[in-house]
Amino acid sequence: MVVGDASLDIDLLVIGAGPGGYVAAIRAAQLGQKVIIADKAKWGGVCLNVGCIPSKALINAAHHYESMQHAETYGLKAENVGVDFGKVQEYKTSVVNKMTGGVEMLLKANKVQMFAGEVMFINENEARLFNDQESPRYRFKNCIIATGSRPIELKPFPFGGRILSSTEALSLPEVPKSLVVIGGGYIGIELGQMYSKFGTKVTILEGLDTIMAGFDKDMSQLVAKKMKKANVDIITGAKAQSAEQNDKEVTVTYEAGGETKTVTADYLLVTVGRRPNTDGELGLDMLGIKMTDRGLIEVDDQCRTSIPHIYAIGDIVPGAALAHKASYEAKVAAEAIAGLPSKVDYKCIPAVAFSDPECASVGYTEKEAKDKGLNVKSSKFPFGGNGRAVTLGGADGFMKIIHEVDTGLVLGAQIAGVEASNMIAELGLAIEMGATIEDIALTIHAHPTLGEITMDTAELAMGHPIHTIAPK
């Protein structure tokens, strides 16, 4: 739909309404730009519709189901606990609708014009927007491309039938009895663990020697331990070769340990990464915008492409494909268009996996810091030393803080444990503000909270821990 009668002349055209696009449109409108945003899908993009938000809704439901099954741990009785997965999907959909509706409300409140349809560049100053009803032509002063990404489809495993991408895996009508997951990155682990908690027999096939390779090995090992305890089969060093499916099941052939093996399940989920949406009818090749050999758009530190008035943000530019990175770049691009001196600085972009336990990281790991020649110390505090973590049943976990020995500056942090996704923000702020471990240790943290773990880890780093024994 088009909101209002838009002029052919516009200050800013935003292509894509995900966490990058809609944030860019709102920020630009706040800075006085006349903005139109276009998206062929629903407002909120992949993240809100078929990614971050629906997956976390299902993960939340799975956690509740698992807790009910172990209610006796807390002296509670819960008999005949079951799953109505249709109702679970209704809950997920209600969450998605609330969030996407909120985005539409925010765009309207900021007087951003909205167009539901596709975009095709005519030249570097004009684009045609089109859907089944209309095809207006706009001349823009600036443009921000935020078209996001899609799941990578492997030739031996084409999506369809019982071979799923993450999109289809979020909308299954029933809990499958069995599931094979190709790819042990954070998406495969999150969805695999979620279905495992609902009772699915899950097999993970990972080509590397560890799952969740983007995190420190002691973090991924904690997740693997929890998954194996839940009867999840994790096969590392596995190379998936082919799949055969019928109307009831799919059989995957893979190689591991020098042997060729097969595994059969109700469904096969392929999560081996995402591909940038820079091809298709958009017409970037016609404009001559410089791109990498992976199809990513090259940008400068203000998100400008090789055409100075066209910007690109999010999954279509180099760097991690993270929603919060896209939102951050969105503000930089919008402010650069308005003439502000904003530039990107990625040192405080956190990474989070909603595995069980959760994993989160920000700044340098110990290895990264040492590889850069920095004199650093890593201090690791166990969640078992925190009262709140123990009351939550989350004693298995830890926090690591990496600090520079000479100055005490906090350079990085990694957390594996309950609520790691929320706890990482304080460490990101510490790095951003140039805080030292002493600054954190001297900050009074409420008791009993998980936040005290950050204070305790800082005290450990200073050599005088209260709630753990200092290593000799």
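**View 1. Where domain 1 meets domain 2: 21 residues of domain 1 are in contact with 16 residues of domain 2.** Keep in mind as you look around that this is a predicted model. Between them, domain 1 and domain 2 bury about 1400 Å², and 67% of that is on carbon and sulfur atoms. Which residues of domain 1 lose the most area to domain 2? They are V50, F85 and P151, which together make up 32% of what that side buries.

**View 2. Stepping back to the domains: the chain is divided into domain 1, domain 2 and domain 3.** Domain 1 comes in two stretches, 8-151 and 275-338. Domain 2 covers 163-272, and domain 3 runs over 357-462. Taken over C-alpha atoms, the centres of domain 1 and domain 2 are 27 Å apart.

View 3. Now pick out K56 and E190, which form a salt bridge with their closest N and O atoms 3.3 Å apart. Between domain 1 and domain 2, six residue pairs are in polar contact, with both residues at pLDDT 80 or more. So much for the pairs; here are the elements. On the side of domain 1 that touches domain 2, α3 (52-69) and α4 (85-109) are the elements that give two or more residues. Of these, how many residues does α3 give? It's eleven, and α3 gives the most to that side. Sorted by class, the side of domain 1 that touches domain 2 has twelve nonpolar, six polar and three charged residues.

**View 4. An annotated site: the UniProt record, an unreviewed entry, places a "binding site" feature at K56, T147, G148, S149 and D315.** One of these, K56, is the salt-bridge partner of E190. Another, G148, sits in the loop between β6 (137-145) and β7 (149-151). Leaving aside residues up to four places away in sequence, G148 touches R275, P276, N277, D315 and I316.

**View 5. A closer look at D315, in the loop between β17 (310-312) and α9 (323-337).** What does D315 touch, once residues up to four places away in sequence are not counted? The list is G148, S149, R274, P276, L296, A321 and L322. Zoom in on the side chains and you'll find a polar contact between D315 and S149, at 2.6 Å.

Conventions: Residues numbered from 1 in each chain as written. Predicted model: local features only at pLDDT ≥ 70, side-chain atom pairs only at ≥ 80, totals over all residues. Heavy atoms only, no water. Domains from an automatic or database assignment. Contact = heavy atoms within 4.5 Å. Buried area = accessible area lost by both parts, 1.4 Å probe. Salt bridge = Lys/Arg side-chain N within 4 Å of Asp/Glu carboxyl O. Polar contact = N/O pair within 3.5 Å; in protein donor to acceptor, adjacent residues only side chain to side chain. Helix = DSSP H or I, 4+ residues; strand = E, 2+ residues; numbered from the N terminus. Nonpolar A, V, L, I, M, F, W, Y, C, P; charged D, E, K, R; others polar. UniProt positions renumbered as here; feature names shortened; annotations may be inferred.
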